[in-house]
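Here are my notes on this model, point by point. Please read them with the coordinates open.

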Amino acid sequence: MCGVETPPNAARVSSDRILPAISLRLLSVVCLATMAALIKLAELGGAHLSEILFFRQLVGVPLVAAVIAAGPGLATIRTGQLRAHITRAVVGLISMTCLFTAVTLLPLAESTTLQFTVPIFATILGALVLGEPTGWHRWLAVVAGFVGVLIVARPGTGHFALWGTVAGLSAGFLTAVVSILLRQIGRTESALTTVFWFASLSMVPLTIVYAFDHQAHPLRVWMLLIGVGVAGNLGQMALTSALKLGPVSIVVPMDYSSLLWATLYGWLLFGTLPGLPTWIGAPIIIGSGLYIVWREHVRRQTETEQAIV
């Protein structure tokens, strides 16, 4: 194709990486769904939100450092983008606070469903902030996604805690903001370096708050708090690794399987099942997100083909 050579066995190597990519993404889904369940159990056991956030990040610093040391080496954590990492840490910490708040106030399936709004918000931010081309197909998907949110949340009915719904949607929006920040940081920084700096920088305010807000707990609650950190950080690393092996259009749709795990955990641990509005609204939101991912894949494929020609 106009002088562009395909490396020998390139197609085979690419296909060989897709299965591990999907497997890692599914593993991340299980880990993060488990983290959400542990957050809810820890909160019901008397742990404060600040304590849960503290342990979520505390486990991450040595864990990520160990992975970096065993892989590319600790020298790779050096950065020339400290200000960008600080911005990412601030936005990421607020996003995590909103997410954990939603998990504690809403049933697991509903708080998980609200996280499916991330591609919707990312599309809006990509168009407004980055000036990315966004055709009417994706704008219709955005509108459909928000219709799904209205069906699930049923504002004004008092079906769900208002602050839980607001926190869940805020988490989705801020996660989309983080994704844009990561695009910019990722031009010069590796994913593991970014994760390390996020965990390390966020520990500064969390340690201060924890010093004033910590309390005694039974062993079971301490184990739950540690479990939040382990599950959350393993899920984050598996999620990041999946994107190294497979294209976004293939691995991201795996995230929607988290609704199955949230429903299962909600039923087994808390005796709750999603209501009919959630079963109606969630597929609309999921369909909206999948369509947005597919349209983005088509757009990038077209741009690549035009560049080659």
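1. Y265 counts as buried, at 18% relative accessibility; the cut-off is under 20%. W261 is partly exposed, with a relative accessible area of 32%. The model is predicted. Both residues belong to helix α12 (residues 258-270), 4 residues apart, or about one helical turn.

2. How are the rings of W261 and Y265 arranged? Their centres lie 6.4 Å apart and their planes meet at 40°. That makes the pair tilted. In general, an α-helix has 3.6 residues a turn, so residues three or four places apart point the same way.

3. A search of the whole structure gives 9 aromatic pairs. One of them is F196 with W197: the ring centres are 5.8 Å apart and the planes stand at 80°, so this pair is edge-to-face. F196 is buried, with a relative accessible area of 13%.

4. Ring pairs also build a cluster, linking F54, F55, Y210 and W222. The charged end of R88 sits over the ring of F198, 3.9 Å from the ring centre.

5. Is S202 buried or exposed? S202 is buried, with a relative accessible area of 2%. S202 lies in helix α9 (residues 191-213). Leaving aside residues up to four places away in sequence, S202 touches Q57 and L93.

6. Helix α7 (residues 136-153) has 18 residues. From first C-alpha to last, α7 reaches 26 Å, close to the 26 Å expected at 1.5 Å a residue. The buried residues of α7 are R138, A141, V142, G145, G148, V149, V152 and A153. Seen down the axis of α7, these buried residues fall within an arc of 120°, so they line one face of the helix. On the other side, W136, V143 and L150 are exposed. After α7 comes R154, whose phi is positive, near 45°.

7. Now the overall fold. The protein chain has 13 helices and 0 strands. Of its 309 residues, 46% count as buried. Take the contacts between residues at least 6 apart in sequence: 89% of these join residues at least 24 apart.

8. What share of the accessible surface of the protein chain belongs to carbon and sulfur atoms? The share is 72%, on a surface of about 15,200 Å².

Technical notes: Residues are numbered from 1 along each chain as its sequence is written. This is a predicted model: local features need pLDDT of at least 70, side-chain atom pairs count only at pLDDT 80 or more; totals for chains, interfaces and linings use all residues. Side-chain values use heavy atoms; hydrogens and water are left out. Helices (H or I, at least four residues) and strands (E, at least two) are DSSP runs, numbered from the N terminus. Buried means under 20% relative accessible area, exposed over 50%, partly exposed in between (1.4 Å probe, protein chains only). Contact means heavy atoms within 4.5 Å. Accessible areas come from the Shrake-Rupley method with a 1.4 Å probe; for residues, only the protein chains shown count as cover. The expected span of a helix is 1.5 Å times one less than its number of residues. The arc is that of the directions from the helix axis to the C-beta atoms. Rings of Phe, Tyr and Trp (its six-membered ring) pair if their centres lie within 6.5 Å; planes under 30 degrees apart count as stacked, over 60 as edge-to-face and the rest as tilted. A charge sits over a ring if NZ of Lys or CZ of Arg is within 6 Å of the ring centre and within 35 degrees of the ring normal.
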